[in-house]
Amino acid sequence: ANNVVLTVDANGAAIGASGVDNDINVTLTGTVTASAAVGNGGIYLTETGNMSVLSINANTGNIELQADGGTIKDANGTNDEDTDVIAANFTVRNSSGIGSSTLDALNLDITGLAIANGSGDAFLTTAGGFAMGMLNINVAYNLDLRAKSGSITDNNSNVTAGNLTLRVDANNASIGAPGLANHIELHLSGTLNAFAQNGNGGIFF
C-alpha cells in the first residue's frame, strides 16, 4: 500500500501485541499513522523497508517498532517538532537507523526508551524526560538524544554506540543521577558529548 492508517477506539485496545511474532506487518511506499489512544493497549508494528512515521499514538501504552532492512524516520521532514510517537515505553528493534539528522530527528513523548539490534545512526528528541534502558545501535554508528524538558534517568541502562551525544535542555535537568546505581552505563567506540548546561542538575556516567 501507499499510506496506512490503523485505529482502535475501545479502552485498552491494542494494535498487534508485544514480540515480533505478534506485530502487525506492513509494506508501504508512504506513511504510517496508528492510534490506540484510549487506555494502554499499545501498538506493535513491523515494516519491510523504511518506516515513515506520521503519527503513532499509544497514549499510556507501549510501542514496539521494527523496520526490516530500513530506517524509522519522521515523515514531516527537517525542522519539524511535531510529536511522532506517544507512548509509555518505546522500543525499536532491528532498524538500520532512526531519524535522519539532529534537524530531522524522530520526535517522541515517552517515559522509557530501548533500542535493540540497531545498525545505523539514531537521532531522537523527547518532549520530556525519559528513563534510558538498553540502547544498542552497534559501535560502528552514532547516537544523538535530546530531552527538551526533564532529565534522562537510568533504567538498567546499557548504551552501545560509536559516538554518543546527550542533551538535556531544562533548568536543573540531569543526565543520570548521583550514586553508582543511578549512573548511565556506556560502551562506546568513539567520543562522548554530554550537555546539562542549564542549572545544576549534573551529569553522571
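This report walks through the strands, core, salt bridges and a surface patch of a predicted model.

Residue numbers start at 1 along each chain as its sequence is written, and side-chain values use heavy atoms, leaving out hydrogens and water. As the model is predicted, local features need pLDDT of at least 70 and side-chain atom pairs count only at pLDDT 80 or more, while totals for chains, interfaces and linings use all residues.

Let's start with strand E13, residues 130-136. Strands here are DSSP runs of at least two residues, labelled E and numbered from the N terminus. E13 is mostly covered, with 5 of its 7 residues buried; buried means under 20% relative accessible area, exposed means over 50%, and partly exposed is in between (1.4 Å probe, protein chains only).

E13 has a parallel pairing with strand E11 (residues 112-116) over 3 bridges, and another with strand E15 (residues 152-161) over 6 bridges. Two strands count as paired if DSSP finds at least two bridges between them.

Phe130 belongs to E13 and counts as buried because its relative accessible area is 2%. Skipping neighbours within four places in sequence, its contacts (heavy atoms within 4.5 Å) include Ile110, Leu113, Leu145 and Ile152.

**The nonpolar core**

Nonpolar side chains tend to be buried together in soluble globular proteins. A nonpolar core is a set of buried Ala, Val, Leu, Ile, Met, Phe, Trp, Tyr and Cys residues joined through side-chain atoms within 4.5 Å. Which members of the largest core touch the most other members? Out of 47 residues, they are Phe90 and Leu143. Beyond its neighbours within four places in sequence, Leu143 is in contact with residues including Ile115, Leu124, Leu135, Ile137 and Val159.

**Salt bridges**

The structure has 5 salt bridges, each a side-chain nitrogen of Lys or Arg within 4 Å of a carboxyl oxygen of Asp or Glu. Three of them are tabulated here.

| Pair | N to O distance |
|---|---|
| Glu64 and Arg93 | 2.9 Å |
| Asp144 and Arg167 | 3.0 Å |
| Arg146 and Asp169 | 2.6 Å |

Take Glu64 and Arg93, bridged at 2.9 Å. Glu64 is in strand E6 (residues 63-68) and Arg93 in strand E9 (residues 89-93), so the pair ties together parts 29 residues apart in sequence. Both Glu64 and Arg93 are buried.

Next come Asp144 and Arg167, at 3.0 Å. Asp144 lies in strand E14 (residues 143-147) and Arg167 in strand E16 (residues 164-168), so this bridge ties together parts 23 residues apart in sequence. Asp144 is buried at 9% relative accessibility, whereas Arg167 is partly exposed at 27%.

Arg146 and Asp169 meet at 2.6 Å. Arg146 is in E14 and Asp169 in the loop between E16 and strand E17 (186-188), so they tie together parts 23 residues apart in sequence. Arg146 is partly exposed at 28%, and so is Asp169 at 27%. Shared partners also join Asp23, Glu64 and Arg93 into one salt-bridge network.

**A surface patch**

Finally, Leu192, Ile203 and Phe205 make a nonpolar surface patch with about 220 Å² of accessible area together. Phe205 is in the segment after strand E18 (192-195), and is partly exposed at 34% relative accessible area. Patch residues have over 30% relative accessible area and no salt bridge, with like charges joined within 9 Å and nonpolar side chains (Val, Leu, Ile, Met, Phe, Trp, Tyr) within 5 Å. The areas come from the Shrake-Rupley method with a 1.4 Å probe; for residues, only the protein chains shown count as cover.

Key:
Helix = DSSP H or I, 4+ residues; strand = E, 2+ residues; numbered from the N terminus.
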